[in-house]
Amino acid sequence: MFFKQKSNIIFRNYESFGYVTDNRNFGYKRTDDNKNNIGDKILSESGAVFFSALGRKPQTLDDLAKKINKQFTDVDIEIIKNDARDFYFMLEQDGFIVSGETIQECEKRDTKFSYKILEPEIIKKDYSPTIMHPEKSSQEFLEEYFKDKPQLTNLHIEITSKCNERCVHCYIPHENKVSDIEADLFYDVLEQCKNMRLLHLTLSGGEPMLHKSFCDFLRKCKEYDFSVNVLSNLTLLNDEIIKEMRTNPLLGVQVSLYSMDSNIHDEITQMKGSFKKTKNAILKLIENDIPLQISCPIMKQNKNCYDDVKNWAKKHKIHVGDDYVIIARYNHTTQNLSNRLSINEIREVINDIVVIDTSYMEQMEREAEKKKNITSNDFVCSVCHSSICIADNGNVYPCAGWQDYNIGNVKETSLEDIWNNSERIQYLRGLRRKDFPKCIQCPDKDFCTMCMVRNANEDPLGDPLAVNEYFCDIAKLNRKMMLEWKEMGN
C-alpha cells in the first residue's frame with residue numbers, strides 16, 4: 001500500500017504538535033463547485049511525526065514505518081506499521097492524504113483542480129483516530145497554545161514596483177514604480193518565512209511578471225510548500241510561466257478585468273490592447289486548469305457594464321470579486337479618487353445587484369448580525385496580527401496599500417524581529433475599536449467595515465484614526481437600504 005499527502009495540503013510541524021490544512025483560505029474555487037472544504041486539524045506530537053514522514057510522492061507503508069521508527073527507536077516496527085496504517089487511513093477519510101495499491105493508483109486519486117471535471121469525493125473508511133490531538137477546534141487550540149501572541153501566516157511581497165499599465169484608480173503613485181526586489185533578498189525572506197512556519201504568500205507588483213526572476217521565485221515558493229497567490233494583469237503571461245504555474249497545486253492567480261468592452265478596459269489601464277491580452281491570458285489559464293479569480297473594481301468608467309464581466313466569467317466557472325471601494329494613493333494624493341463612485345451611484349449599483357442576486361441583502365443582513373457581537377476591545381483588522389507586506393526595497397508595511405507607515409526593513413532587521421518587536425507594529429496591535437469612539441457610537445456600525453489604511457491614505461497627515469466620512473456614508477446607505485428591503489417584506 002502506498003500513501004502520500006494530497007497536493008493541496010499544507011503541513012507545518014511545531015515539534016510539540018502539527019498543523020495540517022487544505023488550501024481553502026487561499027485557493028480559488030470554481031463557481032459550480034459545491035463541495036465542502038476539508039478544513040484543518042491539529043495533530044499530536046506523535047501524529048506530527050507520522051505525518052512528517054509523508055511527502056508529495058507515494059511511499060510504501062514499510063518505508064514510512066522505517067522513517068517513523070528513527071524517531072521511536074524503542075517501539076517495535078510492526079506496532080508502528082499498524083498504527084501508521086490506521087492513522088493514514090483516518091486522515092484519508094478526512095481528505096488530507098490519498099492511498100493506493102500502486103504508485104499509479106495513489107497518484108490518480110490525488111485529483112488536481114480542474115475546470116473540466118467534477119471534484120473528487122473524499123474517500124470514507126471506517127477507522128478510529130489513535131494519534132490525534134484531543135478534540136478541540138484548531139483555532140481554539142492555536143489561540144491557547146500561542147497565548148494570544150500574533151502569528152504571521154500571510155505575507156504579501158511586492159517583487160517589483162514597475163508596471164506596464166497605468167490604471168487610473170491605482171493607490172501606488174506611478175512615479176514610484178521604479179525598481180525590482182533583489183533576488184538574494186527575496187530568497188532570504190523566503191527562508192525566514194519557512195522558519196516562521198508561514199502558510200501563504202501573495203506575490204504582486206507593480207506587475208510581478210516584469211521581474212526577470214519571476215519563474216525562479218515561483219519554483220522556490222513551491223519548494224517550501226507555500227500557498228501562493230499571484231496578483232497580475234496577465235499581459236506578460238507566456239508558456240514558461242504557465243508551465244511553472246501548472247506544477248504548483250497550491251497556486252492561484254488574481255487578475256483585474258474591468259469590462260468586456262475593450263475600449264473601457266483599456267481606458268482604465270491606459271494601455272492600448274491590454275483587454276485582448278488579459279482576456280486571452282485568462283482563457284489560457286483556464287485551458288491549463290490553473291485556478292484563478294477575477295477582480296472587477298466598480299468605478300465611474302465601468303459602473304454600467306461591470307456585470308458583463310461577471311456573466312462572462314460565470315460561463316467559464318470563474319469567481320468574480322466586485323467592489324466599489326477605491327482608496328487614495330499612499331502618498332495622500334487623491335486624484336485617483338475622481339474615478340470613485342458617488343453615494344448615489346453606489347445606491348444605483350446596489351439596486352442593480354439586488355435585482356440579479358436575490359441573496360445579496362440576505363448576505364448583508366447576516367454580516368450585520370455577526371458584527372453585533374463585536375466589542376469595543378476587539379481588534380480593528382488583521383494587519384500586524386496575521387499578515388504584513390514587504391515592498392521591493394525591503395520596507396515592511398502593515399498592508400500593501402499603506403506604504404507611508406514604515407515598520408522596518410528586512411535588509412537591516414530580520415522579519416521575525418520586526419514582527420515581534422517593532423514599536424510601530426506594537427502601536428497598531430494596541431489599537432482597539434474603542435480608539436474610534438465615533439465608530440463605536442455610530443448607529444450604522446454593523447454595516448461598516450473599519451479600515452485604517454482607508455483613513456490614513458485619505459488623511460493629509462496619514463492618521464489612521466481620522467475616520468473617513470465617505471465610508472461612513474456608505475455604511476449609512478447600506479443600513480437604509482437594508483431597512484427599506486425589510487419593510488418591503490424581503
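This section describes helix packing and the surroundings of selected residues in a predicted model. Residues are numbered from 1 along each chain as its sequence is written, and side-chain values use heavy atoms, with hydrogens and water left out. Local features need pLDDT of at least 70 and side-chain atom pairs count only at pLDDT 80 or more, whereas totals for chains, interfaces and linings use all residues.

Helices (H or I, at least four residues) and strands (E, at least two) are DSSP runs, numbered from the N terminus. Helix H2 spans residues 61–69, and its buried residues are Leu61, Leu64, Ala65, Ile68 and Asn69; here buried means under 20% relative accessible area, exposed over 50%, and partly exposed in between, for a 1.4 Å probe and protein chains only. These residues lie on the same side of H2 because they cover an arc of only 140° around the axis, the arc being that of the directions from the helix axis to the C-beta atoms. The elements covering them include strand E1 (2–5), helix H1 (45–52), strand E5 (59–60) and helix H3 (77–94).

The axes of H2 and H3 come within 9 Å and cross at roughly 115°, which makes H2 roughly perpendicular to H3. Axes are lines fitted to C-alpha atoms, for helices over the stretch in contact, and angles run from 0 to 180 degrees between N-to-C directions. Angles under 35 degrees count as roughly parallel, over 145 as roughly antiparallel, 65 to 115 as roughly perpendicular and the rest as oblique. The H2 and H3 crossing is right-handed; a crossing is left-handed if the near helix is turned anticlockwise from the far one by less than a right angle, and right-handed if clockwise. In this contact (heavy atoms within 4.5 Å), Leu61, Asp62, Leu64, Ala65, Lys66, Ile68 and Asn69 of H2 meet Ile77, Ile80, Lys81, Ala84, Arg85 and Tyr88 of H3. The residues of the contact comprise 8 nonpolar, 1 polar and 4 charged, where Ala, Val, Leu, Ile, Met, Phe, Trp, Tyr, Cys and Pro count as nonpolar, Asp, Glu, Lys and Arg as charged, and the others, Gly among them, as polar.

Phe214, Cys215, Leu218, Arg219 and Lys222 of H7 make the contact with Glu240, Ile241, Glu244 and Met245 of H8. By class, the residues of the contact of H7 with H8 are 5 nonpolar, no polar and 4 charged.

In helix H15 (residues 423–430), Ile425, Leu428 and Arg429 are buried. Seen down the axis of H15, its buried residues fall within an arc of 100°, so they line one face of the helix. Their cover includes strand E13 (387–390), helix H14 (415–421) and helix H17 (452–458). Glu423 is also found in H15, and counts as exposed at 70% relative accessibility. The C-alpha atoms of Glu423 and Gly408, 15 residues apart along the chain, are separated by 9.5 Å.

Two further residues were examined individually. Arg30, in the loop between strand E3 (18–22) and strand E4 (40–43), counts as buried at 3% relative accessibility. Ile474 lies in helix H18 (residues 469–487) and, at 6% relative accessibility, counts as buried. Not counting residues up to four places away in sequence, Ile474 touches Tyr324, Ile343 and Ile346. Ile474 and Asp444 are 30 residues apart in sequence and 9.3 Å apart in space, C-alpha to C-alpha.
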